[in-house]
Amino acid sequence: MTNFSRRNFLKTVGIGGAATVAGLGCAVPGGASSARGAHVVVVGGGSGGATAAKYLKRFSPDMDVTLIEPNATYHTCYGSNWVLGGHAQMDDIAQTYDALQSRHGVKVVQDSVTEIDPARRTVKTASGSSMTYDRLVLSPGIDFRYDAVPGITAEDAERIPHAWKAGAQTVLLRRQLEAMPDGGVFVMVAPGNPFRCPPGPYERASMVAHYFKQAKPRSKIIILDNKENFSKQGLFMAGWEQHYGDMIEWVPSSRGGQVEEVDAANLTTISDGGFTTFKADVLNYIPPQTAGAIAMQTGLAGDGFWCPVNQMTFESSIHPGIHVIGDSSVAGAMPKSGHSANNQAKVAAAAISRELAGLEPLSPSTANTCYSLITPDHAISVAAVYTYKDGAMAGVAGAGGVSPADAPASVRQMEAIYTKGWYDGITGDIWG
Amino acid sequence: MKRSRILAAGIAVSMMTMALAPQAAEVERGAVLTTSCFACHSIDTTGNMPNLVGYPRDLLVSQMQAFKDGSRPGTIMNRLAKGYSDEEIVLIADHFATIQ
């Protein structure tokens, strides 16, 4: 509890300060300075976790909120394709935790959580410290299933980047693209559903094509997909044809896109029982995904790969007291995106604040907006509004959808301007 | 000792209620609903979407209705506005009008 609320309390109940302090001394281990506001620990400082920490303090200023995140600087996955295309620099997608601490009163701890004990409500960290929580918000993003396809392991990511968590992997892939000779082949293996950022692989192909068109126009981009269709497909393919001719080739599962094995040493993928191979100059293997490692380790995904939650509060269906938000959660029709994580964080923060105040949770309403650049001046978007219905977040019928197929260049350009505006707006909402 | 423990526990519970109760008013439906808008319409004046902090209530209602019925063209708000009921639009407008 802060001094402010203690004063309020004393005034309200109208009893002597000395007696109260004596009483507190008994009640609170460690003395009167220990907070009596609830302690909420947030694990993970990405779009979900940072938003949750900020909005918990916004909704309940007297709550103690601790955010645990290993990195001092966080690079957003959204925007990282722009770096690959040479349209943005790493600094443009870097976020820090200064404002969360100085403006919003969140205690930010640079550490990583190694263990969660749901029964004792404690977390342990790599540095050896341990803390208890009244509520835990877990936003650990994704982890990779390198065991899904033989011939490639997590260690190979140093040579065959996934670049699906932004940072060093983004820089590595960019360097490989820069080093590739003109006329080379960039092969991307897109992940199977569900995965982080459904339009991401196709925006990536667009941005790499934007770079190739300027720097090495004889090069080729091949997307190997285990799907038969993908997000904003019509808009992407029309944009590719318009700007890049036949530079980008999308290979669906039925035409050899289902990669069955990787020959990592030779940067070659194998499909169709060995009858189809693709040899890459730069190989970008994006593995199938699971909930973040700490969520899996804590058993929050049960027998599956993602964490089931009560979608009204995002509290785990498996371990009460833990709210799982963002990519790791099963969130009905909401895609795994930074925007979804941001909105889910607000739902969870409101539910926690209300519950600690003795109030029932509200029926949530959330939205998702996702912009993709095909060129720096040609963007497309998909949007949706979700409400809680029959136990899950469901899209509101008649709302949302993708950019119109027949929009003029001026609308595509307007959406490109809003793409940057969206980035600045949402990162301000999360880390500002 | 026993008595003081009970007293202390009672105080702790009261204090928690006191500390949190004044905030509960802010975590009402309109406030939570509107936080969804903040993702693009930042209240920290970042980004290039229109700043809606303190926006006139009736104007926000009429513009949302115009996006919803298609009479005001848009790139994305025309798609999003259709996801909100008339009641929700009023709740959002009320909340934007009150924040500073």
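Two strands are taken as paired if DSSP finds at least two bridges between them. On that basis, Thr122(A) stands opposite Thr132(A) in β8(A). The model is a predicted one, and the values below are computed from it.

Strand β6 (residues 113–117) of chain A runs antiparallel to strand β7 (residues 122–125) of chain A, and 4 bridges join them. Asp117(A) is placed opposite Thr122(A) in β7(A). The two strands form a hairpin with 4 residues between them, and Arg121(A) in the turn has a positive phi of about 55°. On to β8 (residues 130–132) of chain A, β7(A) is joined by 3 bridges, again in an antiparallel pairing. The hairpin of β7(A) and β8(A) also has 4 residues between its strands, and Gly128(A) there takes a positive phi near 95°.

**The parallel sheet**

An open sheet in chain A consists of 4 strands in the order β13-β12-β11-β17, with parallel pairing. β13 (248–251) and β17 (282–285) of chain A each have a single partner strand, so they stand at the edges and one side of each has no neighbour in the sheet. From one strand to the next the twist averages 15°. Within this sheet, β11 (residues 185–189) of chain A is connected to β12 (residues 220–224) of chain A by 5 bridges. Val187(A) has Ile222(A) in β12(A) as its bridge partner. Helix α7 (residues 200–215) of chain A packs on the sheet and touches β11, β12 and β13 of chain A; the direction of the helix makes about 175° with that of β12(A).

**Helices α3 and α11**

Two packed helices are described by the angle between their axes and the distance between the axes. For helix α3 (residues 47–59) of chain A and helix α11 (residues 409–431) of chain A, the axes come within 7 Å and cross at roughly 55°. The two helices are therefore oblique to each other. On the α3(A) side the contact is made by Ser47(A), Ala50(A) and Thr51(A), and on the α11(A) side by Asp429(A), Ile430(A) and Trp431(A). These contact residues divide into 3 nonpolar, 2 polar and 1 charged.

**Surroundings of Pro140**

Pro140(A) is located in the loop between β9 (135–138) and β10 (142–144) of chain A. This residue counts as buried because it has 27 C-beta neighbours inside 10 Å, where 20 or more are required. Beyond the neighbours within four places in sequence, the contacts of Pro140(A) include Val43(A), Gly44(A), Ile294(A) and Ser328(A). Tyr211(A) is 71 residues away from Pro140(A) along the chain, and their C-alpha atoms are separated by 32 Å.

The C-alpha trace of chain A spans about 80 × 45 × 40 Å along its principal axes. Along its sequence, chain B follows the pattern α-α-α-α-α.

Technical notes. Residues numbered from 1 in each chain as written. Chains lettered and ligands numbered in written order. Predicted model: local features only at pLDDT ≥ 70, side-chain atom pairs only at ≥ 80, totals over all residues. Axes fitted to C-alpha atoms, helices over the stretch in contact; angles between N-to-C directions. Parallel < 35°, antiparallel > 145°, perpendicular 65-115°, else oblique. Contact = placed C-beta atoms within 7 Å. Nonpolar A, V, L, I, M, F, W, Y, C, P; charged D, E, K, R; others polar. Buried ≥ 20, exposed ≤ 12 C-beta atoms within 10 Å, placed from the backbone.
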